Amino acid sequence: GIRSFLSVPLEVRGRRLGVLSLCRFLPDSPPFDESDQRFARSIADHAALAISNAQLFESLQTELRERKRAEDEAKTFVALIQNSTDFVAMAGFDGRVLFLNNAGRELVGLPLDRDIRELTLAEFHTPDGLKRAPVIRERGSWQGDGVLRHFVTGELIPMRVSSFLVRDTDGQPICFATVQHDVR
């Protein structure tokens, strides 16, 4: 029953998304001509662009949902670390402090508004504590007893220490991290 058939590709930037097909069924229908082809191509171009935009919009919505989920997970993780009663810190391989949670600040006498990035590991640890860095670099972690120095009083605070390397997604070490528990 098809009297005339016209099919044009739905393409955007060289990528085929589908096909637009037109059919005439009536017995006295004229065959599709060049004018019909130009019209069909125009409709196909607009349809392909609309489909491509809808796919792009859906992809962006998915990316935004994933980003929001990652941000929520990061906020949860930060809340977990900040609400821990243990000393939790990170430091670069150059010895510069990158992060110190609130309990850690309180334990060693640092105000919450103090910029910890100007501090070094040497200001927290005794020389014995600093000797652990090469061991952690070599083995990936270290656990044992240690001490931290109080910034105001100079008191040495006995700690149970768990230190380790933080690695990127490729498994490459990017910094040191430590979780320490006050054993006084």
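In this predicted model, the side chains of D182 and R184 come together in a salt bridge, with 2.7 Å from N to O. D182 is partly exposed, at a relative accessibility of 26%, while R184 counts as exposed at 54%. Side chains of opposite charge can pair when their charged atoms come close.

Eleven salt bridges are present in the structure, and two further examples are worth a visit. One of them links R114 with E118 at an N to O distance of 3.1 Å. Here R114 has a relative accessible area of 29%, which makes this residue partly exposed, and E118 is likewise partly exposed, at 46% relative accessibility. Another joins D128 to K131, where the closest N and O atoms lie 3.6 Å apart. Exposure over 50% defines the exposed class, so D128, at 55% relative accessibility, belongs there, and K131 counts as exposed with 56%.

Five strands make up an open sheet with antiparallel pairing, and their order is 4-3-7-6-5. The edges are taken by strand 4 (97–100) and strand 5 (141–149); each has a single partner strand, so one side of each lacks a neighbour in the sheet. Direction ignored, neighbouring strands of this sheet are turned by 30° against each other on average.

Within the sheet, five bridges hold together strand 3 (residues 87–91) and strand 7 (residues 173–182), which pair in the antiparallel sense. In this pairing, F87 is found opposite Q180 of strand 7. Helix 4 (residues 132–139) packs on the sheet, where the helix touches strand 5, strand 6 (156–167) and strand 7. The direction of helix 4 makes about 160° with that of strand 5. As a general point for anyone following the strands by eye, side chains in a regular strand alternate between the two faces of the sheet.

Strand 1 (residues 4–12) and strand 2 (residues 15–24) run antiparallel and are joined by nine bridges. Along this pairing, P9 stands across from V19 in strand 2. Two residues lie between the strands of the hairpin, and R13 adopts a positive phi near 50° there.

Methods. Residues numbered from 1 in each chain as written. Predicted model: local features only at pLDDT ≥ 70, side-chain atom pairs only at ≥ 80, totals over all residues. Heavy atoms only, no water. Pairing = 2+ DSSP bridges. Helix = DSSP H or I, 4+ residues; strand = E, 2+ residues; numbered from the N terminus. Salt bridge = Lys/Arg side-chain N within 4 Å of Asp/Glu carboxyl O. Buried < 20%, exposed > 50% of the residue type's maximum accessible area, 1.4 Å probe, protein only. Axes fitted to C-alpha atoms, helices over the stretch in contact; angles between N-to-C directions. Contact = heavy atoms within 4.5 Å.
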